[in-house]
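I opened this notebook to record how two chains meet. The entries below follow the order in which I looked things up.

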Amino acid sequence: MVFFQSDNIITSLGFSTSENYTALISGDVGIKPINDPNFYPEPFPASLVNTNKLAEKFAEINRSGSFTRLEKMLILSIQDALIQANIDIKSERTAIILSTTKGNIDLLEPEKQNQFEKERVQLWQLGKVIRNYFNNPNQTIVLSNACISGVLALNIAATLISSSRYDHIVVTGGDIVSGFVVSGFMSFMSLSPKPCKPFDKKRDGLSLGEGAGTIVLSKDPLKAGSIAYIGGGSANDANHISGPSRTGEGSYLAVKKAMKEANVSAEEIDYISAHGTATDYNDEMESLAINRCGLTDVPVNSFKGNWGHTLGAAGLVETAVMLHEMQENTLIKSAGFNELGVSKPLNVITKNQSAELNTCLKMASGFGGSNAALIAKKIK
Amino acid sequence: MQARIKTYCHIKDNKVYLNGQLHFESEGTLSIKDFLKAVYKHLNLKYTKFYKMDEISKLGFLASEVVLEHANNERFDESGIGVVLSNSQSTLVTDKVHQVSINDSANYYPSPSVFVYTLPNIMIGEISIKHKFRGENAFYIFEHFNTEFISDYINSLFTDQKINACLGGWVDQSAENYEAFVYWTEIDGKTENAPEHTEEQIKRLYEIILK
């Protein structure tokens, strides 16, 4: 079996999972107006990691060397997850999987081009920096699969552990808010002028966020009563490179594959942590997929109304919260949601509440027609 | 059950090879753009979506077209066909095109049709759309083609019965160079003569066309 051992979340809402969890319970929204021409000529809302606090936290652990903003976030995230886990990061039986869409893409900016060696913008080099920092003997497995990277990285880690390729895998992921990404999403006209409102009738686009997340997966549980990874799947819509399927086909298939591997029926699923970007098409598509899977009544939320779409970190930080909701038997209100605005009924969580959470589903979808899902279960 | 590599394609240095044999060669040395256009014409593809792709997506798309012409992939359920590709440069060539469009605030022209190609898995999306592949996807970045990892990962997907067949390989483009090696692997008792899907064989086939 494959177990979730520990995790960390770094976003605008805090530098640990517990800080973030507390903020989410309070309904905090880290998406704030940004007025910085380095990102975009006009003001726009985004969820940014606190720069001063990042420097402060990093100074506490860093012995030497200079690191990019993203590297600092990833290193801090891994460090915190490792402290809570029971694995040896220096063992040949431990691998690191890095999930990122654009890595150190800010190093392409003219004023940053000479700050680091030119390879530093390469994703494999980012993997090497992380691996060297922690003295891990294995080449970092870097996955760049758009917005499903985080969930897919967890699926891959589980596959590699269950086939005995590795005993433990540190799955880490992150992306920064940059001029590169903001301008791109702006050109798609997919950013909301206000903090995004997943699944809401008045939703009008996504909010960008930055962050890092880490989840340690292992063949060994950390303690009795741990949560296990019991199934996952990915599927392509085979429909469009930048728009989701109109029928939810790929998302439906990914969830079905995960349920099949996990050997669970729709009735057994207690909660869904959706992708919920708050674009018109994504949320509509997810409602169709959830409906087709027979999960219409299952409580569902999205955290993107709290900390935006954190791209390569999204699947990790959102799964980490799901695991803590399971531990606390608590469902967290879906931020930004007031009135259902998708064509199929959904049980969107409108207030924090207690619930027995044993088997839970995480969904993700992204550009390239990609979709992924995973299922976690409490082992008694 | 052992997966086997049924067919494979190399594209590099203005040449296309099918199963190690020269399949197409351009007249004279062309730019990557013109060369890929010549390959497209040679393959007699009528697929207008090709023209809007960036170069690295075209490269991966054409290599997969050459492979799939000989793979008889129609025998497989589409949701069990995986696409697992990798490279070293991600989409850096296209990333720089997008970056140039935003460097000057007086001349600011980011384009969604460029930006969408700044994700390496878009290539997987293009291949999947053409052939309606709906299986497992993953795009990995390694400094060099990591035949050990790619073989381990795809074989694990076979073992877990998540796929019945898969396109695998390496599709890379830098400012100076380009290279594609794409293969089709499947579990099929009738192809005993085909090379086994192992690290050793992937490496051997990849290196058949010398650098």
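**The interface of chains A and B**

I began at a strand pair and found A:Leu143 opposite B:Tyr140, which lies in β5(B). The strands β5(A) and β5(B), the latter residues 137-141 of chain B, pair in the antiparallel sense over two bridges. I took strands as DSSP runs of E with at least two residues and helices as runs of H or I with at least four, numbered from the N terminus; two strands pair if DSSP finds at least two bridges between them.

I noted that this is a predicted model, in which local features need pLDDT of at least 70 and side-chain atom pairs count only at pLDDT 80 or more, while totals for chains, interfaces and linings use all residues. Residues are numbered from 1 along each chain as its sequence is written, chains are lettered from A and ligands numbered from 1 in the order in which they are written, and side-chain values use heavy atoms, without hydrogens and water.

I then looked up the extent of the interface. I found 55 residues of chain A in contact (heavy atoms within 4.5 Å) with 50 residues of chain B. The two chains bury about 4,300 Å² between them, 59% of it on carbon and sulfur atoms; this is the accessible area (1.4 Å probe) lost on being put together, summed over both. In chain A, the residues that lose the most area to chain B are A:Trp124, A:Phe180 and A:Ile241, together 15% of what that side buries.

Lastly, I looked up salt bridges (a side-chain nitrogen of Lys or Arg within 4 Å of a carboxyl oxygen of Asp or Glu). The rule finds five across the interface. A:Arg165 and B:Glu148 meet in a salt bridge through their side chains, at 3.0 Å from N to O.
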